[in-house]
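Here are my notes on the model you asked about, point by point. Keep the structure open while you read, and click on the residues as they come up.

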Amino acid sequence: MTRSTVHTNPFYSLRWLSGVALLALLAMLSMMVGVMDLSLTHLTDEATQVLLISRIPRTLAVMLTGISLAVAGMVMQMLARNRFVEPSTTGTLESALLGMLVMTLFAPGLGVLSKTLIATAFAMVGSLIFMLLLRSIPLRSTVMVPLVGIMFSSVVAAVATFIAYRFNLLQSLANWTNGDFSVLLRGRYELLWVTLICAVLAYLYADRFTLAGMGRSFTTNLGMNYTLVLFTGLLLVSMIAAITVTTAGVVPFLGLVVPNVVSLMMGDNLRRSLPWVALLGAGFMLFCDLLSRLLRYPYEVPVGTVMGVIGSVFFIYLLLKRTQPSHV
């Protein structure tokens with residue numbers, strides 16, 4: 001199906017409108033679910049304050065995290081030319097976590113923005129190391145690439161845990177390791193809007209990332225600077241990873257599940273599939289957040305735990321059932 005056919009097909013528009021409607025419904029449910037009962041037909045002053053200070057910011061934070069991590073996962077898969085990688089299986093999120101830990105240790109007085117920039121630099125270095133490791137693998141089989149990424153992630157996480165243990169920062173590390181939106185209020189989530197800008201930039205660069213996913217030689221023969229495209233993609237992914245870790249903590253496997261589902265439905269054209277990746281990412285994140293609040297209501301299970309269970313099961317399923325080659 002060509003791009004023009006997709007955009008003129010009424011069934012495509014109907015599917016898109018249905019997806020947006022479902023996302024709006026999930027967002028509405030997210031704002032209504034909580035210890036305090038809210039009714040949109042009768043809002044007291046106290047309920048209005050809860051809605052404006054807590055419920056709406058949390059819902060927006062969940063959606064922005066879902067959009068950005070799903071898009072980051074899709075970009076990482078194109079650049080690594082493998083469907084089983086995403087920021088939490090390439091050492092990117094763990095490297096950002098290590099950066100946050102180092103800054104807490106050596107410069108605890110820095111602001112959130114400064115710590116985020118340092119975490120972005122650490123995430124970028126981690127992503128580059130992973131890409132260099134891939135170049136040294138003689139046979140880049142479908143399974144070998146994510147295994148290398150998981151081992152590298154484990155090494156970075158082990159270093160972070162040792163530093164945290166040595167300097168009594170295990171509690172801080174635990175808070176960042178497991179994604180949790182229960183503490184996000186107005187004034188504490190706004191940095192996530194930067195991740196939306198990164199997602200939009202990824203869409204604008206979609207064609208370049210698609211070409212880069214076909215290999216260095218193919219990209220260079222078309223007159224493009226492969227290194228610049230690779231660096232741009234990794235920078236966007238690193239910024240998203242650092243900001244989400246700083247704001248909400250680590251949310252694993254989201255960037256693995258959503259791009260693979262969209263790829264099965266729509267193929268590998270990045271520009272065509274990225275809007276769906278963003279839509280499904282926001283919806284899936286909202287669903288997991290609602291599930292985390294309802295499993296032990298009125299208490300909460302960290303959404304990172306819920307996403308980790310669902311994502312790991314899906315990851316194993318893909319490893320066992322999917323038979324695509326090692327390149328995208």
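1. Let's start with a pair of charged side chains. Arg-293 makes a salt bridge with Asp-289, and their closest N and O atoms are 2.8 Å apart. Both partners sit in helix H13, four residues apart, so about one helical turn separates them. Arg-293 is buried, and Asp-289 is buried too. Do keep in mind that this is a predicted model.

2. Now step back for the overall picture. The protein has 14 helices and zero strands. Reading along the sequence, you get the pattern α-α-α-α-α-α-α-α-α-α-α-α-α-α. Out of its 328 residues, 52% count as buried.

3. Back to charges: how many salt bridges does a search of the whole structure find? The search finds four. One of them joins the side chains of Glu-300 and Arg-58, at 2.9 Å from N to O. Glu-300 is in the loop between helix H13 (270-294) and helix H14 (303-321), while Arg-58 is in helix H3, so this pair ties together parts that lie 242 residues apart in sequence.

4. Arg-58 comes out at 7%, so it counts as buried, the cut-off being under 20%. The story links up with point 1 as well: Arg-58, Asp-289, Arg-293 and Glu-300 are linked in a network of salt bridges.

5. Another salt bridge to look up is the one between the side chains of Asp-207 and Arg-271, at 3.2 Å from N to O. Asp-207 belongs to helix H9 (residues 206-212) and Arg-271 to helix H13, so the pair ties together parts 64 residues apart in sequence. Asp-207 is partly exposed, at 40% relative accessibility, whereas Arg-271 is buried, with a relative accessible area of 15%.

6. Sorted by class, the lining of the largest pocket holds eleven nonpolar, eight polar and four charged residues.

7. The second largest pocket has a volume of about 360 Å³. Its lining is made of 15 residues, with Met-131, Arg-135, Arg-216, Tyr-226 and Leu-230 nearest its centre. Helix H3 (45-80), H5 and H11 each give two or more residues to this lining. H5 gives the most, with five residues. By class, the lining of the second largest pocket splits into nine nonpolar, two polar and four charged residues.

8. Have a look at the surface too. Ile-197, Val-200, Leu-201, Tyr-203, Leu-204 and Tyr-205 form a nonpolar patch there, and together they have about 510 Å² of accessible area. Take Leu-201 as an example: you'll find it in helix H8 (residues 193-204). Its relative accessible area is 36%, so Leu-201 is partly exposed.

9. Met-28 lies in helix H2 (residues 10-32) and is partly exposed, with a relative accessible area of 36%. The C-alpha atoms of Met-28 and Arg-55 are separated by 9.8 Å, and the two residues are 27 apart along the chain. Then try Asn-82, which lies in the loop between H3 and H4.

Technical notes:
Residues are numbered from 1 along each chain as its sequence is written. This is a predicted model: local features need pLDDT of at least 70, side-chain atom pairs count only at pLDDT 80 or more; totals for chains, interfaces and linings use all residues. Side-chain values use heavy atoms; hydrogens and water are left out. Ala, Val, Leu, Ile, Met, Phe, Trp, Tyr, Cys and Pro count as nonpolar, Asp, Glu, Lys and Arg as charged, and the others, Gly among them, as polar. On a 1 Å grid over the protein atoms alone, a cavity is a set of points where a 1.4 Å probe fits but cannot get out, and a pocket is an open set with protein on both sides within 12 Å along at least five of seven lines; lining residues have an atom within 4 Å of a point. Grid points are joined across faces, edges and corners, and a volume is the space filled by probe spheres set on the points. Patches are made of residues with over 30% relative accessible area and no salt bridge: like charges are joined within 9 Å, nonpolar side chains (Val, Leu, Ile, Met, Phe, Trp, Tyr) within 5 Å. Accessible areas come from the Shrake-Rupley method with a 1.4 Å probe; for residues, only the protein chains shown count as cover. Buried means under 20% relative accessible area, exposed over 50%, partly exposed in between (1.4 Å probe, protein chains only).
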